Amino acid sequence: AHWSKAPDFKYMNINAWSGDVVKSIVYRIPLRKRRCLVPANCYYEWIQMPGGRKVPHVVYFADQRLFSMAGVWDEWVDRERGIIYQTFSILTTKACKRLRKFTKTMPVIISPSRRRRFLRTDLPLQQVTAMLRPMETDRINLYPVSKDINDLNLDHRGLVEPVGQRLFKEYSYTQKVYLKLEGMGSAKDNPDRSPVIKKML
């Protein structure tokens, strides 16, 4: 925190519960004046399986590569060495209906149409807190990944590749459009004139 006497790691939280940040002295200024967006194409969630074992999963949106998580940032200045430490926290909220049976929380997702508004430093606090709600969507999905994700020394593509089935089925729809010309036959003669539905998983 900017007011700390030293870069104390106990104030450096990667996640901050949105219900607490309004009242917390640590986040009082960042929430009002130092909001940010954290871009990502997925995030990890550890889901408790029958028997108590927790399995890491990748959570993502099926129809878009990037999404924006709500965050706050702060900085601490080491005046003796002239170093500025900048940190951020991702704001979390209760899980949406689609994820609720797997986890209790999720990041606050800011929709594309609200990104600029969320970053406005003159936005009243009441309007800021109104945006810290779970995004209700059926586009969110998740799949299990290797337990190697627990090893902080590893960093490779395999850490985001699925090792099991997606928890929700996904389908892709390909619309085929044809010109209707005189003398070129009917739909019976050309079965490809119908939309094609391809099952992904």
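**Entry 1: strand β4 and its sheet**

I began with strand β4, residues 54-61, and found that β4 pairs with β9 in the antiparallel sense over 5 bridges; two strands count as paired if DSSP finds at least two bridges between them, and strands are DSSP runs of E with at least two residues, while helices are runs of H or I with at least four, both numbered from the N terminus. Within this pairing I looked up His-57, whose bridge partner in β9 is Pro-144. The model I am reading is a predicted one, in which local features need pLDDT of at least 70 and side-chain atom pairs count only at pLDDT 80 or more, whereas totals for chains, interfaces and linings use all residues. Residues are numbered from 1 along each chain as its sequence is written, and side-chain values use heavy atoms, with hydrogens and water left out.

I then placed β4 in its sheet, which is open, has 3 strands in the order β3-β4-β9, and pairs them in the antiparallel sense. The edge strands are β3 (43-48) and β9 (140-144), each of which pairs on one side only. The twist averages 40° from one strand to the next, where axes are lines fitted to C-alpha atoms, for helices over the stretch in contact, and angles run from 0 to 180 degrees between N-to-C directions.

**Entry 2: the chain in outline**

I noted 4 helices and 11 strands in the chain. Of its 201 residues, 33% are buried, a word that means under 20% relative accessible area, with exposed meaning over 50% and partly exposed in between (1.4 Å probe, protein chains only). The chain exposes about 13900 Å², of which carbon and sulfur atoms supply 52%; accessible areas come from the Shrake-Rupley method with a 1.4 Å probe, and for residues only the protein chains shown count as cover. Among contacts between residues at least 6 apart in sequence, 63% join residues at least 24 apart, a contact being heavy atoms within 4.5 Å.

**Entry 3: strand β5**

Which strands pair with β5? I found that 6 bridges join β2 to β5 and that the two run antiparallel, that β5 and β8 (residues 109-110) pair in the antiparallel sense over 2 bridges, and that β5 and β6 pair in that sense over 8 bridges. β5 and β6 form a hairpin with 4 residues between them, and Gly-82 in the turn has a positive phi of about 70°. I also noted that 9 of the 12 residues of β5 are buried, so β5 is largely enclosed by the rest of the structure.

**Entry 4: Asp-78**

I followed Asp-78, which lies in strand β5 and has Ile-83 in β6 as its bridge partner. Is Asp-78 buried or exposed? At 10% relative accessibility, Asp-78 counts as buried. Leaving aside neighbours within four places in sequence, Asp-78 is in contact with Ile-83 and Tyr-85. The side chain of Asp-78 also reaches the backbone nitrogen of Glu-80 at 3.2 Å.

**Entry 5: salt bridges**

I counted 7 salt bridges in the structure, each a side-chain nitrogen of Lys or Arg within 4 Å of a carboxyl oxygen of Asp or Glu. Among them is one between Arg-81 and Asp-78, with the closest N and O atoms 3.0 Å apart; Arg-81 is exposed at a relative accessible area of 57%. Another joins the side chains of Arg-34 and Asp-74 at 2.5 Å, N to O. This pair links distant parts of the chain, with Arg-34 in the loop between α2 (28-33) and β2 (35-40) and Asp-74 in strand β5 (residues 67-78), 40 residues apart. Asp-74 is buried, with a relative accessible area of 6%. I also looked up the salt bridge of Arg-120 with Asp-122, whose closest N and O atoms are 3.0 Å apart; Arg-120 is partly exposed at 38% relative accessibility, and Asp-122 is exposed at 55%.

**Entry 6: Arg-98**

I ended with Arg-98, found in the loop between β6 (83-94) and β7 (105-107). Leaving aside neighbours within four places in sequence, Arg-98 is in contact with Thr-137, Asp-138, Ile-140 and Phe-168. The side chain of Arg-98 reaches the backbone oxygen of Asp-138 at 3.4 Å. The C-alpha atoms of Arg-98 and Arg-139 are separated by 9.3 Å, with the two residues 41 apart along the chain.

Notes. Polar contact = N/O pair within 3.5 Å; in protein donor to acceptor, adjacent residues only side chain to side chain.
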